[in-house]
Amino acid sequence: MRRRVVITGVGALCSLGTDSGTVWNNALQGVAPVSEVPAHWHEYADLRSRLWSPLPEIDFQALGIPRGEILRTDRVSLMGFVTAREALQNAGLALQESETSNVFSVPGLDALRTVIFMGTSVGGVSSLLQNQGNHLLTRRRAQLKQLLDEAGSQEAVDSLQRASELFASVSYPKRFNNFIIPMLMPNAVPAYMGIKFSIHGHNNAISLACASGTAAIGHAFHAVAEGRADAALCGGSEYLNDGYGAAFRGFDVAATLTTHNDNPSAANRPFDQERNGFLFSEGGAAVLVLEEYESAKARGAPIVAEVCGYAETFDAHSMLRSAPDGVHAMRMFDAVLQDAGIEASQIGYINAHGTGTELNDKIEAETIERYFGSGPRIAASKSLTGHTIGAAGALEAVFSVLSLKHQTSHACINLENPVADINFVREVGAETLDYALSQSFAFGGHNAGLVLRRVEQT
Amino acid sequence: MSCRDLTNLHRLVSGRADGQNQCIQRNTPGGYAVADKGDIEERVKKVIRELTGDKTLVIESDSALVDDLGLDSVDFASLVMDLEDEFGGEVNDEEAVKLARVSEIVDYIAAREQ
């Protein structure tokens, strides 16, 4: 017998803001941060795209995380934690601080019956990349210095001095971090949350590239629905700034990023005919608190929306291209609607994957049109946030949930000539939304979707 | 120094690697702060207390790191990083693991800074 699962709190952090309220309000205002990537990145590679969506400054120490912990924890995990803390606060689940350790407990949750599933595509790779600089360059710099000290001629001194300056211009951590392994491992994202909140239920990192966040929420939903847990912290986190643009370059050389460099505010245009790639994002995080419905109601929890269904399918086609006929995406639609026990015609809102790539946006739009027609409202949240990869599905679930709660949606930015005639949200207004589908179509060929339902707000 | 993405650190041409893994403010930038032993001891105790998060921990000058304060090898791996962060400069891992008492850490830091 499947139990109902509700969302009692959300947290979000992305280029639009460091809490869900700010993110949501800025989304309704059409705030879509985009700027030139740091200038020094161009010294290391010829980059085709020059744009990114940077995160706001976050002072983790001011947020109460001990300084030493910040040194030993990748930003991806720190972001997941502060976002989870916001979600718990919004759910009315207070934290109790330990006297003997830098951790909390959550008295309102059964620690053994709460799971933590977090999506991330690369975990703490930015820390590894930074420490790789230390690993490769420390001894070479010392050897170069020795050559300089031993140099016989002025010409040699000048050349070696110049070489030293070139080396010195690359900054890296002075110490190869003693904790680099637990920092980089993707499971550090949920594990850090579990440790900080003293939660002992299943603790999993889920890695399906751009579908990681959707899948993490979906698996958490099934765990609670099927009685394997009573509550969950679930979502996604991603941090992709290694300081020198290596991660950015990786997406750039695969020709996935927008190259509309001369018009930054118009560059990120999912589903528009002039799109030519997605907007790289520095990162993001989003967490939902899921609870079994009866116990949420019994404790008087705020109920934001309900999770009704989850499904995933796999293309087995290409690492970078969606399967052209959309047949496996439609299998996912079939499966998630069946899991939710509803018909396609009941979906009133789709939060699309909509990255802004030429090929995949076309396939997605055509697949939506073929399967759902032009009924449901279509939101492309990445037109605001850029692509946060492992956090994207979770951020988009938050947008979907808040759209259901507030019966409105943010608009699709820069959508002037849509690639298909489906019902894109072109401006913010009142909507009638009962069921929402939040979907992700990821690198690797993973197709994942969540069905969410509006709950009457009291 | 604020640096989210090492942008500002990149500008430093200092002849030595001076990066911060998480780009947080340092107490003693460039640091070999000269301080008396009493001040060093207070700061060492603060580092240990923050490392363990144990607000009830009683730390004396002659407290044994392992037997009295319960530090294990993972704590020592953290301790060397936190001491470097607090006092600047380098704390050698192999030497640090031989330090048995709070007072020996204080002596190590004081000797290093002379």
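How many aromatic pairs does the structure hold over all chains?

Reply: Over all chains, this predicted model holds 14 aromatic pairs (rings of Phe, Tyr and Trp, the last by its six-membered ring, with centres within 6.5 Å; planes under 30 degrees apart are stacked, over 60 edge-to-face, the rest tilted). One of them joins Phe81(A) and Phe197(A), whose ring centres lie 5.2 Å apart with the planes at 35°, so this pair is tilted. It brings together distant parts of the chain, since Phe81(A) belongs to helix 3 (residues 75-90) of chain A and Phe197(A) to helix 7 of chain A, 116 residues apart (helices are DSSP runs of H or I of at least four residues, strands runs of E of at least two, numbered from the N terminus). Phe81(A) is buried at a relative accessible area of 0% (buried is under 20%, exposed over 50%, partly exposed in between, with a 1.4 Å probe and protein chains only), and Phe197(A) is likewise buried at 0%.

A further tilted pair is formed by Phe271(A) and Phe424(A), with ring centres 5.1 Å apart and planes at 45°. Here Phe271(A) lies in the loop between helix 10 (264-267) and strand 9 (280-281) of chain A, while Phe424(A) lies in strand 14 (residues 423-424) of chain A, 153 residues apart. Phe271(A) is buried at 0% relative accessibility, and Phe424(A) is buried at 4%. Elsewhere, Trp41(A), Trp52(A), Phe248(A), Phe251(A), Phe278(A) and Phe280(A) make up one aromatic cluster.

Residues are numbered from 1 along each chain as written, with chains lettered from A and ligands numbered from 1 in written order. Local features need pLDDT of at least 70, side-chain atom pairs count only at pLDDT 80 or more, and totals for chains, interfaces and linings use all residues, while side-chain values use heavy atoms without hydrogens or water.
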